[in-house]
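I am keeping these entries as a record of what I looked up, beginning with the ligand and its surroundings and going on to single residues.

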Amino acid sequence: MTSIDKDFIFIPMEIIKGISASPGIYIGKVFLYYEENLNIPKYEITAKDVKNEHSRFLEAIEKARNELEAIKEKAYLQMGDKELLMLDSHILMLSDPDFINQVSSALEKQLRNVEWVLFEAIEALIEKLKSSRNSYLQDRESDLKDVSKRVLNNLMFTERITLSELDSPYIIAAHDLLPSDAITMDKKNIKGIILDAGGRTSHTAIIARSFEIPAVVGLSTITRKVRTGVDVIVDGDSGIVVVDPDDAAILLYADKLERKVETTRQLRPYVKKEAVTDDGQKIIMKANIELPEEIESVIDHGADGIGLFRSEFLLLQSELHTSEDKQCEIYKSLLDKMEGRPVTIRTLDIGGDKILPGYDEHHEKNPLLGWRGIRFCLSNNNAFKIQLRALFRASVHGDLRIMFPMISCIEEMDEVLEIIDKVKQELRNEKIDFKDNVPIGVMIEVPAAVLAAEFLAKKVNFFSIGTNDLIQYTIAIDRGNEKIAYLYQPYHPAVIRLIKMTVDAGKKAGIPVSLCGEVGGDPVATIVLLGLGLEELSMSPASIPIVKKVIRNVEIKEAKKMIETILEMGSGTEINSYLENWFNGRFSGLK
Ligand code: PEP
Ligand code: MG
């Protein structure tokens, strides 16, 4: 990750450093977004901050009261008694000293920001109202919600709107975005994303990369520092946000943008070139996608195929998990558009931060260690079988491969294979055409799967290493948690060894091993992956040209030598700086 440009140090404005989540630069206006309870910022404050939080709260209340008075005055003549009574009751709620005191003392006790304290206080009151037998009190729930929303909007300077309906270009600022928000957002008008939360491999970051929207995440308190309409520079390359930039900063970035356009232009010829190392090793370059509409970008960036189609986003977006025919149609169209090139579809990887509609009531204490991926599918046979039937039916239309996420033991794979046999038998009985020999693969993304790789290799036709989760589960860090993002080290010696063990196990068993985690698209990591023996990589389509350039300018011999050196190093930081130095010396200005 690059540090702040030297030129910046003298510019007197707020420059905030976060985590670079999706490359690109955009200069524009912010839209501060929050979705009901989900994006209420939550952070710790110190005793010193309490007074300030308290004043913010009183100001937001005062503003809400004025807004309501203004509505009353303006619409007095058109309103009936009921509406006037409702407005009066809302104004009264905002003046209730008990409520104001409750929030004030919670601020002192909890030492959390006022948005969160208010949100919790309202939730507690709503629970109380709900359990009341008095129907008048029960009916006050919506009033309470309405009033609190007004105050929260004032605190966070937001307006309610969904991300699919923006009317002009904006940079979205939010505490966090759910993958389902990100997937349905208006790609035309969302030009940048800046978030308090998140890490480089959180799913929202991955989606931003897929849609080529510059994003900086893990900014902690950006939602406190900006509001709708404020100018901001999002520098997704360096993980920097410049709030309220002055002319000098804008000029500087305009220049950076120009250079970027030039680099992209220089990389363009690589789209058509083969990824062959200087000493003749061909590397298969595939693309990761989340939605079928990305297929144009896959072809445009010169991919040899699709190495990872994260099917859960499609199914999350349109609730297609119940429709075999519609799924089959979409898989068929992917295969048609890829014109014979391989298409690897990963079955539903639900759970963690990706919740299927209808399953969100199952709150888990540790969702990332819980009912996720294949575990979810094996206990929801219906959705799983529908997807498998759709996949096998589509298989006759091209080179389909199916792979399974989060496999942690042989028993799971055996169960999957049994279900596949059953699905095939059903299709045979129904005289429906399908390919009997669709390659079946397993994602290697849990350390246990690496350690049991020699056994898993006997059950499947290929491995695909999911480094995003492999790193998460090896180092025991939530990949979307900005507080521990510094521990997320792709070059941790343990991770390097686990990748090596997987590649070696695959080679020994004679099955291909590819890598589809985000590391695959990082040009600095390319030399490591080649040295570890990977011959197939899958990445965001936009990363393909730059990774091809690196591949075409290095030799396997050299990569293997570097791995020998790296394997001697005991720390991820040391390996990282060794690689950054090497890359900057060899490919100066490329990244
Ligand atoms: C991975 O874990 O590396 C992977 C490719 O899958 P996802 O990012 O969807 O979890
Ligand atoms: Mg994964």
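Which helix gives the most to the shell around ligand 1? I found that helix 18 does, with three residues; helices (H or I, at least four residues) and strands (E, at least two) are DSSP runs, numbered from the N terminus.

Before going further I noted that this is a predicted model, in which local features need pLDDT of at least 70 and side-chain atom pairs count only at pLDDT 80 or more, while totals for chains, interfaces and linings use all residues. Residues are numbered from 1 along each chain as its sequence is written, chains are lettered from A and ligands numbered from 1 in the order in which they are written, and side-chain values use heavy atoms, with hydrogens and water left out.

**Entry 1, the ligand shell.** I listed 17 residues around ligand 1, of which R310, R346, G466, N468 and R479 come nearest; a residue is near a molecule if one of its heavy atoms lies within 4 Å of it. By class I noted four nonpolar, five polar and eight charged residues in this shell, where Ala, Val, Leu, Ile, Met, Phe, Trp, Tyr, Cys and Pro count as nonpolar, Asp, Glu, Lys and Arg as charged, and the others, Gly among them, as polar.

I found ligand 1 in the largest cavity, a cavity being a set of points, on a 1 Å grid over the protein atoms alone, where a 1.4 Å probe fits but cannot get out; a molecule sits in it if more than half of its atoms lie within 2 Å of its grid points. The elements giving two or more residues to the shell are helix 7 (203-210), strand 10 (305-310) and helix 18 (467-475).

Just after helix 7, E212 takes a positive phi of about 55°.

E339, in the loop between helix 12 (324-337) and strand 11 (343-346), has a positive phi of about 45° although it is not a glycine, and I recorded it as exposed at 64% relative accessible area. K431, in the loop between helix 15 (410-429) and strand 13 (440-444), has a positive phi near 55° and is exposed at 76%.

I placed T277 in the loop between helix 9 (247-267) and strand 9 (284-289), and T277 counts as buried because its relative accessible area is 4%. The side chain of T277 makes a polar contact with the side chain of D279 at 2.8 Å; such a contact is a pair of N or O atoms within 3.5 Å, and within protein one must be able to donate a hydrogen and the other to accept it, while residues adjacent in sequence count only if both atoms are side-chain atoms.

Definitions and conventions. 1 Å grid on protein atoms, 1.4 Å probe; cavity = no way out; pocket = protein on both sides within 12 Å on 5 of 7 lines; lining within 4 Å. Buried < 20%, exposed > 50% of the residue type's maximum accessible area, 1.4 Å probe, protein only.
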